[in-house]
Amino acid sequence: MRQTTIDLRSLPKAELHCHLEGTVRPGTVADLALAHGVRLPVVEPTDLYAYTSLADFLAAFGVVCSVLRTPADFHRIAYEACQDAAAAGIRYREMFFSPGFHLGRGVELSTVWDGMIAGLADGEADTGVVTRVILDIDKPAGLGPAMALLEVAKGLDRDWLLGVGGDSTERGVDHRAFAPFVAAARKAGLRTSFHCGEDGPAANIAAMVDAGVDRIDHGTHLLDDADLTRRVIDEGIPLTSCPTSNVELDVVPELATHPFGRFRELGVPVSLNSDDPAFFQFDLADEYERVADAFDYGDDDMIDIALAGVAQSWLPADERADLATEIRSFVAVGV
Ligand code: HPA
Ligand code: ZN
């Protein structure tokens, strides 16, 4: 049972693992499909968001991407992402976008970037939600396309772009192959964060830790390797955990057995995130509530979790301190 008394929806939060394309509202998918003459494989747009594995999920992700064509489309989804983030109490978000899904369909990176950044700027002006972005390469495409995209990423506005990462399936992907990508990104002054150990083994996490990534996305299977767990704790490498996503995609059978609780007990730096809120119809506030229920957490735990998201973010130190203060004062005034 949940022990909390604070309003977890209004509690100021930072989110470090959320995909732009995973925030697209079902109604927006339907509107854009109509506008661009795209036939959806479902009658009800919400039916797109039903799956039981990462592979099914990625197929739906591809369908959503297929309706995104113009800068105005990317503006709309980025703006709506800010509105929905505000409704979940998110003050600051580091958000992935996945150009591989768009470039492959002939949509230029400038179309994605210009629309997305304008939407995030307008969204920030109207909602107060601050977003910075991380460019994710498509891991199954391999090192060559990743290095080519990195060259382009180097030229993007660093006021918006914090770093680069990699997502999509782990099956059949050699994570060690991305070590040169991580090294080159770091040399270019970009942060790095990679999806691994989600539906793949701890060995994939070890590969990315060896490569020198700044953060691990998911890392759900970390505890299968005790030495690696020790190393992640000792080196303070944060995990961006998404428990509901892991349950929905059948990576973990139920929330109560998700390693999130154990990570915290062991001192693994970990944040709580929604991954793809539209796809799971479950935003970050829902995630906080569900985790509080599953692990019998009280107010102190939930404040700790909110503060961890801020501490593990790539915000400048003074802005991290300001957001942490906002969280503490929210609690102090007993909202
Ligand atoms: N894992 C892999 N690929 C993804 C994810 C994820 O969590 N979300 C969007 N693309
Ligand atoms: Zn993800």
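## Zinc site

Along the chain, the donors of the zinc ion (ligand 2) are spaced as H-x1-H-x175-H-x79-D. The model is a predicted one. The protein donors are His17, His19 and His195, each through NE2, and Asp275 through OD. They lie 2.1 to 2.3 Å from the zinc ion. His17 and His19 are both buried.

In general, strands of a sheet pair through backbone hydrogen bonds, in either a parallel or an antiparallel way.

Two pairings can be followed at residue level. Strand 4 (161-167) is joined to strand 5 (191-196) by four bridges, and these strands run parallel. Here Gly165 stands opposite Ser193 in strand 5. Strand 7 (residues 239-241) is joined to strand 8 by three bridges, again in parallel. Leu239 faces Val270 of strand 8 across this pairing.

How enclosed is strand 5? Five of its six residues are buried, so strand 5 is largely enclosed by the rest of the structure.

## Tyr92 in strand 2

Tyr92 sits in strand 2 (residues 90-97). Its relative accessible area is 3%, so Tyr92 is buried, the cut-off being under 20%.

Which residues does Tyr92 touch, beyond those up to four places away in sequence? Lys13, Ala14 and Glu15 are among them. Val130, Arg132 and Leu162 also touch Tyr92. So do Ser313, Trp314, Leu315 and Leu323.

## Helix 1 against helix 3

Helix 1 (residues 26-36) and helix 3 (residues 71-87) have axes that come within 12 Å. The axes cross at roughly 175°. That angle is over 145 degrees, so helix 1 and helix 3 are roughly antiparallel to each other.

Which residues meet in this contact? Helix 1 brings Thr28, Asp31, Leu32 and His36. Helix 3 brings Asp73, Arg76, Ile77 and Glu80. By class, the contact residues divide into two nonpolar, two polar and four charged. As a general point, an α-helix has 3.6 residues a turn, so residues three or four places apart point the same way.

## Helix 8 and its cover

Helix 8 (residues 202-211) is mostly covered, with eight of its ten residues buried. The buried residues are Ala202, Asn204, Ile205, Ala206, Ala207, Met208, Val209 and Ala211.

What covers the buried residues of helix 8? The cover includes helix 7, helix 9 (226-235), strand 5 and strand 6. Just after helix 8 comes Gly212, with a positive phi of about 95°.

Ser168 is not a glycine, yet its phi is positive, at about 80°. Ser168 belongs to the loop between strand 4 and helix 7 (179-187). Is this residue buried or exposed? Ser168 counts as buried because its relative accessibility is 11%, under the 20% limit.

His218 likewise has a positive phi of about 80° and is not a glycine. The setting of His218 is strand 6 (residues 215-218). His218 has a relative accessible area of 0% and is therefore buried.

Asp299 is in helix 14 (residues 299-311). Asp299 counts as buried because its relative accessibility is 19%, and the limit is under 20%.

Which residues does Asp299 contact, leaving aside its neighbours within four places in sequence? They are Gln3, Thr4, Thr5 and Ile6. Asp299 and Thr5 are 294 residues apart along the chain. Their C-alpha atoms are separated by 6.5 Å.

Key
Residues numbered from 1 in each chain as written. Chains lettered and ligands numbered in written order. Predicted model: local features only at pLDDT ≥ 70, side-chain atom pairs only at ≥ 80, totals over all residues. Heavy atoms only, no water. Donors = N, O, S within 2.8 Å, 3.2 Å for Na, K, Ca; no water. Buried < 20%, exposed > 50% of the residue type's maximum accessible area, 1.4 Å probe, protein only. Axes fitted to C-alpha atoms, helices over the stretch in contact; angles between N-to-C directions. Helix = DSSP H or I, 4+ residues; strand = E, 2+ residues; numbered from the N terminus. Parallel < 35°, antiparallel > 145°, perpendicular 65-115°, else oblique. Contact = heavy atoms within 4.5 Å. Nonpolar A, V, L, I, M, F, W, Y, C, P; charged D, E, K, R; others polar. Pairing = 2+ DSSP bridges.
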